[in-house]
Amino acid sequence: MTAAYVSGLGTWLPDTVRTNDAWPAEWNARRESVSADRSFVDIPTHTTDRAGAVSARYIERERADAFLGVRERRVAEDAMTAREAETQAAHRALADANLSGEEVDVVLSWAMVPDRVTPSSANYVAHAIGARRATAWGVDAACASALVQLQTAAALVASGQARVVLATQSHLMLRAFPMSHPASPGLGDGASAFVVTRAPGPFRVGAIHGVTLGEHYLSVAFVRDGDPDDAPWFCAGGASRLGSVDGEGARYLMKETVRMGVATMEETARAEGIRVQQLDTLCSVQPRGWTGAAIAECLDLGDDAAVDTYASIGHLGGCGPVVNWHAARERGRLPTGAILGLYAQGAGFTRMGAIVHCE
């Protein structure tokens with residue numbers, strides 16, 4: 001089949017910066033001063049294998065830091081919609097690919113906090129960029145959505161059903177997450193986009209591999225804050241925020257994040273027919289700043305293989321791998337001939353890996 005290429009990357013970050021000073025001074029006395037759901041903060045440690053031991057070492061380093069290594073994060077204005085944030089990123093990705101909206105055949109979108117239950121942002125984005133002949137639809141695998149979009153886009157291009165596919169992602173999480181929550185400092189707002197083309201571009205898409213662990217459907221999910229009955233979205237109830245209906249499952253997933261990342265990238269490399277140690281750079285989701293570095297260490301990729309942006313913008317959900325990919329390019333980490341690994345995991349629970357060749 002025809003090869004697929006990523007020809008453009010784009011990111012959008014809000015102008016407003018929230019520093020750690022926004023929280024009260026006593027916040028750093030984490031366990032004593034903050035009483036709330038800590039499912040996404042206190043990661044159980046285990047040292048039965050290398051991934052567990054590496055994770056435990058990083059967890060110990062940040063034990064006294066309530067901000068978990070984040071110095072600042074971006075906050076979207078209330079008036080900013082997910083669809084407009086994605087449009088901003090889309091314009092930048094198209095400009096990077098030297099393409100116009102009229103050349104786009106398909107628009108795929110994902111929003112962690114969508115403007116409406118339906119329709120998806122994709123419909124608006126397609127109109128806003130002038131993609132008048134495009135088909136548009138939403139793709140949702142939570143924080144793994146960007147790689148599911150990449151897989152979908154590459155398949156459309158490789159099969160001849162499209163020449164240009166635009167994929168957008170948005171993570172305006174802070175409007176749906178209370179600052180008083182222990183995990184709040186680690187989250188940020190932003191949007192990202194990429195363009196997949198049939199025409200050769202700077203990044204050739206290789207193997208993409210994923211596994212869904214459906215038994216963890218409720219381990220990470222939007223919940224009603226303070227509502228023990230967890231009323232469905234269409235009923236009156238408490239404010240919605242990311243949480244867990246299965247706390248034990250959530251803690252398991254947090255504990256196993258590095259191990260799952262290692263396994264996924266090993267499986268993806270095998271699908272590509274390469275040794276995983278041939279990866280030059282790794283761009284991962286970043287629920288913690290050290291996630292990518294820990295995965296890279298366990299894969300023996302070298303001390304500086306992982307690229308992250310966590311300290312300056314926090315966890316951006318499904319935008320994370322794309323934002324870090326963009327950062328890797330800006331930092332000169334993706335020369336011709338380099339092999340890039342992408343890793344993402346998302347609620348539901350899906351883990352995904354991708355191999356990208358720098359042309």
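**Ground rules.** I am working with a predicted model, in which local features need pLDDT of at least 70 and side-chain atom pairs count only at pLDDT 80 or more, while totals for chains, interfaces and linings use all residues. I number residues from 1 along each chain as its sequence is written, and I note that side-chain values use heavy atoms, with hydrogens and water left out.

Of its 37 lining residues, M112, P114, D140, F222 and W233 are the closest to its centre, where lining means having an atom within 4 Å of a point. I find that β4 (106-111), β9 (221-224) and β10 (240-243) are the elements giving two or more residues to this lining, with strands taken as DSSP E runs of at least two residues and helices as H or I runs of at least four. The largest share, 4 residues, comes from β9.

**Patch.** I then noted that V117, W233 and F234 make a nonpolar surface patch of about 430 Å²; patch residues have over 30% relative accessible area and no salt bridge, and nonpolar side chains are joined within 5 Å, like charges within 9 Å. V117 sits in the loop between β4 and α4 (121-128) and counts as exposed at 65% relative accessibility (buried is under 20%, exposed over 50%, partly exposed in between, with a 1.4 Å probe and protein chains only).

**Salt bridges.** I recorded 12 salt bridges in the structure, each a side-chain nitrogen of Lys or Arg within 4 Å of a carboxyl oxygen of Asp or Glu. One of them joins E297 and R57 at 2.7 Å, N to O; because E297 lies in helix α7 (residues 291-298) and R57 in helix α2 (residues 50-61), the pair ties together parts that are 240 residues apart in sequence. I also looked at E256 and R259, whose closest N and O atoms are 2.2 Å apart, and both lie in helix α6 (residues 247-272), 3 residues apart, about one turn of the helix. Here E256 is buried, with a relative accessible area of 5%, whereas R259 is partly exposed at 31%. Finally, I noted that D96, R329 and E330 are linked in a network of salt bridges.

Methods. On a 1 Å grid over the protein atoms alone, a cavity is a set of points where a 1.4 Å probe fits but cannot get out, and a pocket is an open set with protein on both sides within 12 Å along at least five of seven lines; lining residues have an atom within 4 Å of a point. Accessible areas come from the Shrake-Rupley method with a 1.4 Å probe; for residues, only the protein chains shown count as cover.
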